[in-house]
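Hi,

Here is the structure I promised to pass on. Have a look at it first, and then read my notes below.

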2 protein chains.
Amino acid sequence: MASFEMITSASARLRGHVRRTPLLSSPFLDDMAGRRILVKAECLQHTGSFKFRGGWSALSALPPEIRKNGVIAFSSGNHAQGVALAAKLHGVASVIVMPSDAPKTKIENTRAFGAEVVLYDRLNEDRDAIGARLSAERGLTLVKPFDEPMVIAGQGTAGLEIAEQAEEEGVSAAEVLVPCGGGGLSSGIALALETRAPGFIVRTCEPENFDDFARSLTSGEIGRNSALTGSICDAILTPEPGKITFPILKRLAGAGIAVSDDEALRAMALAFKRLKIVIEPGGAVALAAALFHGTALGSDTIIAVASGGNVDMPIFASALERFG
Amino acid sequence: MASFEMITSASARLRGHVRRTPLLSSPFLDDMAGRRILVKAECLQHTGSFKFRGGWSALSALPPEIRKNGVIAFSSGNHAQGVALAAKLHGVASVIVMPSDAPKTKIENTRAFGAEVVLYDRLNEDRDAIGARLSAERGLTLVKPFDEPMVIAGQGTAGLEIAEQAEEEGVSAAEVLVPCGGGGLSSGIALALETRAPGFIVRTCEPENFDDFARSLTSGEIGRNSALTGSICDAILTPEPGKITFPILKRLAGAGIAVSDDEALRAMALAFKRLKIVIEPGGAVALAAALFHGTALGSDTIIAVASGGNVDMPIFASALERFG
């Protein structure tokens with residue numbers, strides 16, 4: 001199980017390695033929302049997303065004699081880059097198993113962060129079998145993207161920073177909106193805030209039609225999304241809530257919020273214009289909820305996490321052209 | 001005259017009001033440059049540029065009985081917004097005199113930051129006469145954009161942060177590249193570093209054909225640019241070095257560097273991709289110098305100031321399309 005103590009331990013291991021990302025704001029966004037909006041800019045984290053926190057936490061928690069054999073992860077996105085850079089900086093090997101049809105730039109970036117990329121054919125090969133074989137042969141440790149206590153603890157360090165930075169801003173009560181895929185970031189932040197900022201409540205934010213967390217939080221039972229693709233918010237399209245993350249959020253989170261792809265794109269354009277940061281679609285759903293779903297919100301101050309910025313140029317340019 | 005002591009006093013006045021902007025980096029940019037590149041992201045400052053520092057410094061240094069009458073500034077750009085927001089937050093009026101053909105969004109933004117915008121006809125009206133009349137009638141204090149000690153002291157607080165943040169990164173020697181118009185930011189940073197980081201040296205960065213500082217530093221005498229327009233780097237097109245800023249930089253700065261408009265746009269695209277920040281053309285010339293003028297540089301570590309992010313969408317989109 002993930003706990004608050006694991007987050008403070010992770011924070012000590014992360015010190016000096018992870019960037020304390022700023023809490024940004026703009027009077028224009030406040031006016032638009034009719035309340036105070038603070039944006040935790042995790043897109044400015046190393047590798048362009050919060051995932052580096054979890055990667056570093058997991059790597060640094062391994063016993064050195066296990067860690068030296070290297071780690072393995074399945075991901076074509078932000079988790080791949082977070083684990084790859086954390087492994088490189090620990091001086092150990094990482095193997096990232098990616099589908100052969102993953103975007104070329106993601107494969108190149110993951111390699112550039114020092115990883116050995118193993119490609120597999122999505123139709124004819126079994127990803128898990130490849131991973132199991134590599135792990136057995138080389139003694140690699142699997143780093144799961146969200147359902148892993150040390151990863152949740154690492155993501156939770158963003159929550160410790162939010163509590164500190166909100167206090168500096170004089171904020172003692174707020175809804176904290178978090179882009180939510182498997183729930184690693186949301187559950188880590190919720191655990192951190194439970195102890196450090198008890199006046200704050202986490203709200204999960206997801207794309208419309210991929211709101212498995214919102215529906216599961218309502219029903220009290222883990223429910224699946226009916227589709228696996230079909231939103232531009234690629235970073236947070238997971239089939240269902242995690243088995244470790246869901247109970248944490250069931251206990252601590254408010255109702256989930258779902259936003260449309262166009263609302264995410266519009267939030268990206270506003271973040272460009274008013275905050276001068278680059279957010280990817282999946283990383284923009286919390287800001288979109290803060291700006292365009294005010295009727296679902298209850299607090300005077302909203303803290304929206306901008307969880308990542310790894311967006312391809314054409315998608316970003318189209319967000320600016322349509323909504324800039 | 002501006003001095004180091006004025007910068008530390010300004011820093012005390014700015015505390016809690018000005019954002020401590022992050023020092024960003026990317027292994028991709030390091031590889032490209034063949035040296036370590038750290039980017040001081042002043043585009044994330046309130047109002048989207050470092051100018052808010054100088055505005056706050058000037059406003060907060062005024063005796064309350066003078067300040068209460070309000071302030072006036074001539075600017076259609078970042079200085080206008082910095083002064084307007086600083087005045088608003090001090091609870092006093094600001095009048096910004098702008099040409100009637102200034103971009104609508106800049107006029108709207110300046111108004112939204114609380115300023116009274118007075119438009120004048122560039123061809124038929126005398127800007128200085130309008131300013132003098134308004135100042136006399138209402139007792140407004142003029143806040144100059146760079147040749148003003150309290151403004152230089154405010155910009156210099158960015159230099160104090162650079163010294164602190166570089167020390168946290170273990171950097172004790174570096175060239176600090178600064179986008180340079182009238183020289184307020186460059187001279188403030190140079191004064192701060194002279195005392196706080198004596199192993200650092202400021203290098204002014206300008207657009208090609210508007211490198212009045214580079215030429216003046218070489219000749220030892222203030223020289224003018226032959227043209228006033230003709231670069232996309234609008235924020236830093238000033239006719240000649242300031243009378244207060246030039247002697248400071250003559251004493252403390254290394255040789256100036258000039259970059260092309262295309263290099264500035266390419267640096268913007270790389271900052272989008274690798275740092276997830278939005279930089280305007282004039283704010284990108286230092287990063288462009290760090291990345292594309294390596295032969296003019298001598299240190300293993302370069303600190304490039306990204307001084308502002310107030311770029312219109314079509315220019316940013318074209319930077320991405322051409323160089324993304």
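Predicted model: local features only at pLDDT ≥ 70, side-chain atom pairs only at ≥ 80, totals over all residues.

β3(B) has a partner in β4(B) (residues 94–99), and the two pair in the parallel sense over four bridges. β3(B) is also joined to β6(B), residues 141–142, by two bridges, and this pair runs parallel as well. There, Ile72(B) has Leu142(B) as its bridge partner. If you trace the chain from β3(B) through helix α5(B) (residues 78–90) to β4(B), you get a right-handed β-α-β unit.

That helix holds a residue I'd like you to look at, Ala86(B). Is Ala86(B) buried or exposed? A residue counts as buried when 20 or more other C-beta atoms lie within 10 Å of its own. Ala86(B) has 31 of them within 10 Å, so it is buried. Leaving out residues up to four places away in sequence, Ala86(B) touches Phe52(B), Gly55(B), Trp56(B) and Leu59(B). As for Leu62(B), it is 24 residues from Ala86(B) in sequence, and their C-alpha atoms are 12 Å apart in space.

Another helix of chain B to click on is α13(B), residues 285–292. Seven of its eight residues are buried, so α13(B) is largely enclosed by the rest of the structure. The buried ones are Val285(B), Ala286(B), Leu287(B), Ala288(B), Ala289(B), Ala290(B) and Leu291(B).

Now for the two chains together. Chain B can be superposed on chain A by a rotation of 180 degrees, with 0.0 Å of shift along the axis and an RMSD of 0.0 Å. The two copies are therefore related as by a two-fold rotation axis. Which C-alpha of chain B is nearest the axis? That of Ile277(B), at 2.3 Å from it. Both copies use the same surface, since 100% of the contact residues of chain B recur in chain A.

The contact itself takes 19 residues from chain B and 19 residues from chain A. On the chain B side, helix α14(B) (residues 313–323) gives the most, with five residues. By class, that side of chain B has 13 nonpolar, three polar and three charged residues.

Finally, the domains, for which I went to chain A. The domain assignment gives domain 1 as 4–50 + 148–323 and domain 2 as 52–142. Their C-alpha centres lie 25 Å apart. How many residues of domain 1 of chain A are in contact with domain 2 of chain A? There are 24, and they meet 16 residues of domain 2. On the domain 1 side, the elements that give two or more residues are α1 (4–14) and α8 (149–168) of chain A. The largest share, seven residues, comes from α8(A). That side of domain 1 divides into nine nonpolar, eleven polar and four charged residues.

Over to you!

How values were computed:
Residues numbered from 1 in each chain as written. Chains lettered and ligands numbered in written order. Least-squares fit on C-alpha atoms with pLDDT ≥ 70 in both. Contact = placed C-beta atoms within 7 Å. Buried ≥ 20, exposed ≤ 12 C-beta atoms within 10 Å, placed from the backbone. Domains from an automatic or database assignment. Nonpolar A, V, L, I, M, F, W, Y, C, P; charged D, E, K, R; others polar. Pairing = 2+ DSSP bridges. Right-handed = clockwise from strand over helix to strand, strands pointing away.
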